[in-house]
Amino acid sequence: MKKNIICAIPFLSLALSLQAQAKLLLVATVPDLVDITQQIGGNLVYVQGLSRGTEDIHQVIMRPSFVTKLNRAEGVVYLGLTIEHSFLPGLLDVAVNPKMRADTVKGCVGPGCIDCSEGIKILEKPETLSRAEGEIHPQGNPHYNVDPANGPIIARNIAAGMSRIYPEHAAEYQKNLKAYVAQLEAKLVEWRKWVAPLKGVKAVSYHKDMVYLGRFSGIDFIDTVELKPGIAPTPTHLEQLVKKMKEQNVKLIVREQQYDAKTCEWLAAKTGARIAVIGTMANAFANTETFIKFSEHNLKALLSAMGKEPG
Ligand SMILES: [Zn+2]
């Protein structure tokens, strides 16, 4: 009994202090969304993250701490398009929070659901929704957070969701949103200049998650090391990939840091292409905990692999 009371004290004191400061308690599925939510909420939000930046978003294992966090939250900020399918639907079921519940199509339904994909121009949208043959991108490519130009849309979705949950602070959220988007837009102008030398460079990535970054940078991603999204490469596929890379003079291999280094090194040795190691979420590397730092790190890695300097 005494032990239970002692255990409950930290939660109770957190709840009381949040109440006293009228902070909105939110959960965000990935580190970049934790950062943007914090930027919009300032000292009016307390946001906790779920997956780590180093994980494969398609294979995040649900940890018990996720349930506690989601159960107490007023809302959940997520990327959507089923990218969190390995943990979010199960978590919503287990956490039993009346403000948000799992939905097979929308991912989450209820007043606490903040879907950051709203208004994103979704690329590679299939004509029919199917998970046949291991399809893990059934609603189109969900890796839109790897494109820095999608940052303002994500930020606006978060501000709108927070204002819906906590309308008393809508003006403050809007003020913070304006400042954050202005900061991001200034960076985007700078980054568009950086990527000019990458236009038309042919590349392959490990997973099919570069379509949005390809659009931003001008890099032409012609194929993937994986056979299909979520399906490991076969020897035949790798042989064909080497041939294709040589024929098309592919100079760049983008390895997302969570994927196999050895296969990429083998491919580089066979083709003479250079490897850029990048993150698909913030905090995949040290000092990349914000969306801006994460985006900048990736662009620098791409430039560096091609022997270019930023700016
Ligand atoms: Zn994917």
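A residue is called buried under 20% relative accessible area, exposed over 50% and partly exposed in between, using a 1.4 Å probe and protein chains only. By this scale S51 is buried, with a relative accessible area of 5%. The structure is a predicted model, in which local features need pLDDT of at least 70 and side-chain atom pairs count only at pLDDT 80 or more, while totals for chains, interfaces and linings use all residues. Residues are numbered from 1 along each chain as its sequence is written, and side-chain values use heavy atoms, with hydrogens and water left out.

S51 sits in the loop between β2 (45-49) and α3 (64-72). Helices (H or I, at least four residues) and strands (E, at least two) are DSSP runs, numbered from the N terminus. Contact means heavy atoms within 4.5 Å. Not counting residues up to four places away in sequence, S51 touches T29, V30, P31, I57, V60, R63, F66 and M281. A polar atom of the S51 side chain lies 2.8 Å from the backbone oxygen of T29.

R101 is exposed, with a relative accessible area of 52%. R101 belongs to strand β4 (residues 101-103). Its contacts are L92, G107, C108 and V109, again not counting residues up to four places away in sequence. P111 is 10 residues from R101 in sequence, and the two C-alpha atoms are 9.6 Å apart.

The chain is divided into domain 1 (16-187) and domain 2 (195-305). These bounds come from an automatic or database domain assignment. The domain centres, taken over C-alpha atoms, are separated by 26 Å. Domain 1 gives 35 residues to the contact, and domain 2 gives 30 residues.

The size of an interface is often given as the accessible area lost when the parts come together. Here buried area is that loss (1.4 Å probe), summed over both parts. Domain 1 and domain 2 bury about 2800 Å² between them, with 62% of it on carbon and sulfur atoms. L123, V146 and P148 supply 20% of the area that domain 1 buries against domain 2, more than any other three residues.

The interface also holds 13 residue pairs in polar contact, both residues being at pLDDT 80 or more. A polar contact is a pair of N or O atoms within 3.5 Å; within protein, one must be able to donate a hydrogen and the other to accept it, and residues adjacent in sequence count only if both atoms are side-chain atoms. On the side of domain 1 that touches domain 2, α2 (31-41) and α6 (170-194) each supply at least two residues.

Side chains of opposite charge can pair when their charged atoms come close. A salt bridge is a side-chain nitrogen of Lys or Arg within 4 Å of a carboxyl oxygen of Asp or Glu. By this rule the count comes to 9 salt bridges. Across the interface of domain 1 and domain 2 there are 3 salt bridges. K208 and E124 form a salt bridge at 3.2 Å, N to O.

In helix α8 (residues 235-247), E247 and K243 form a salt bridge at 3.6 Å, N to O. They are separated by about one helical turn because they are 4 residues apart in this helix. E247 is exposed at 59% relative accessibility, and K243 is exposed at 54%.

K187 and E190 lie 3 residues apart in helix α6, about one turn. Their side chains meet in a salt bridge at 3.8 Å, N to O. Both are partly exposed, K187 at 22% and E190 at 33%. E289 forms a salt bridge with K293, the closest N and O atoms being 2.9 Å apart. Salt bridges that share partners join K187, E190 and E296 into one network.

Definitions and conventions:
Buried area is the accessible area (1.4 Å probe) that two parts lose on being put together, summed over both.
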